[in-house]
Amino acid sequence: LAAFDPLSAAQLLAAAVKSEGADLILTGLQSDDLGYGQTGVILAELLGMPHATIIMHVEKSAAGIRVKRELEDGWFQHVEMPLPALLTIQSGFSKLRYATLMGIKKAKSKEVRRVTAESLGIAAGTPSVVLQRIYLPERTKRTQLFEGSPKEAAAQLVEKLKFEARVI
């Protein structure tokens with residue numbers, strides 16, 4: 001799914017999980033490749049589920065779940081949500097837990113359902129990002145010293161930035 005835009009990835013995931021009848025769907029906040037941070041939110045919308053983002057803590061409550069969201073500037077928000085729901089989880093959410101030997105043995109006997117876009121009734125689209133070439137940029141060192149007084153050097157620098165680099 002990494003090569004697809006958030007909408008395409010969410011559509012594929014929605015088609016795959018619709019039949020599961022899940023009470024809680026957890027997604028990561030952002031992907032490592034493009035980092036849009038939208039796939040989970042779009043998935044929740046496609047499934048018609050309430051959702052919350054940047055979740056730091058989840059606990060069961062009488063009405064469903066209570067979540068702690070991270071806001072800007074070190075602030076947090078506590079939200080009560082009904083189930084089923086979708087949460088996008090912030091990295092560092094929980095401490096690592098290692099599987100027990102019994103858990104590993106049980107996992108081996110579980111069926112892993114593999115699905116394709118075609119089996120979900122979705123035409124496999126063209127990825128929005130197509131990698132054509134990977135290369136290291138050429139190493140060039142171009143140092144230019146400007147002659148004259150500081151005022152003249154600054155004027156020469158401004159001219160280079162305006163007309164050659166086109167950054168101002």
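Which residue stands opposite Lys-68 in β4? Lys-68 stands opposite His-78 there.

## Basis of the model

This is a predicted model, in which local features need pLDDT of at least 70 and side-chain atom pairs count only at pLDDT 80 or more, while totals for chains, interfaces and linings use all residues. Residues are numbered from 1 along each chain as its sequence is written, and side-chain values use heavy atoms, with hydrogens and water left out.

## The sheet

An open sheet is formed by 5 strands in the order β1-β5-β2-β3-β4, with mixed pairing. The edges are taken by β1 (24-28) and β4 (76-81), each of which has a single partner strand, so one side of each is left without a neighbour in the sheet. On average, neighbouring strands of this sheet are turned by 45° against each other, direction ignored. Strands here are DSSP runs (E, at least two residues), as are helices (H or I, at least four residues), and both are numbered from the N terminus. Two strands pair if DSSP finds at least two bridges between them.

Strand β2 (residues 51-60) and strand β5 (residues 85-89) run parallel and are joined by 3 bridges. Ile-55 stands opposite Ile-89 in β5. Helix α2 (residues 39-47) lies across β1, β2 and β5, and runs at about 175° to β5. Axes for such angles are lines fitted to C-alpha atoms, for helices over the stretch in contact, and the angles run from 0 to 180 degrees between N-to-C directions.

β2 and β3 run antiparallel, with 5 bridges between them, and Glu-59 stands opposite Arg-66 in β3. Their hairpin has 4 residues between the strands, and Gly-64 takes a positive phi near 155° in it.

Ser-61 lies in the loop between β2 and β3 (65-70). Its relative accessibility is 16%, so Ser-61 counts as buried (under 20% relative accessible area; exposed is over 50% and partly exposed in between, with a 1.4 Å probe and protein chains only). The side chain of Ser-61 reaches the backbone nitrogen of Ile-65 at 3.4 Å. Leaving aside neighbours within four places in sequence, Ser-61 is in contact (heavy atoms within 4.5 Å) with Arg-66 and Glu-80.

## β3 and β4

The covered face of β3 carries Ile-65, Val-67 and Arg-69, whereas Arg-66, Lys-68 and Glu-70 are on the uncovered face. β3 is joined to β4 by 6 bridges, and the two run antiparallel. In their hairpin, with 5 residues between the strands, Asp-73 takes a positive phi near 60°.

Val-79 is found in strand β4 and is partly exposed, with a relative accessible area of 23%. Not counting residues up to four places away in sequence, Val-79 touches Ile-65, Arg-66, Val-67 and Arg-69. Val-79 and Lys-108 are 29 residues apart along the chain, and their C-alpha atoms are separated by 37 Å.

## Rings and charges

The structure holds 0 aromatic pairs (rings of Phe, Tyr and Trp, the last by its six-membered ring, pair if their centres lie within 6.5 Å; planes under 30 degrees apart count as stacked, over 60 as edge-to-face and the rest as tilted).

The charged end of Lys-68 sits over the ring of Phe-76, 4.3 Å from its centre. That of Arg-133 sits over the ring of Tyr-135, 4.1 Å from its centre. A charge sits over a ring if NZ of Lys or CZ of Arg is within 6 Å of the ring centre and within 35 degrees of the ring normal.

Conventions
A polar contact is a pair of N or O atoms within 3.5 Å; within protein, one must be able to donate a hydrogen and the other to accept it, and residues adjacent in sequence count only if both atoms are side-chain atoms.
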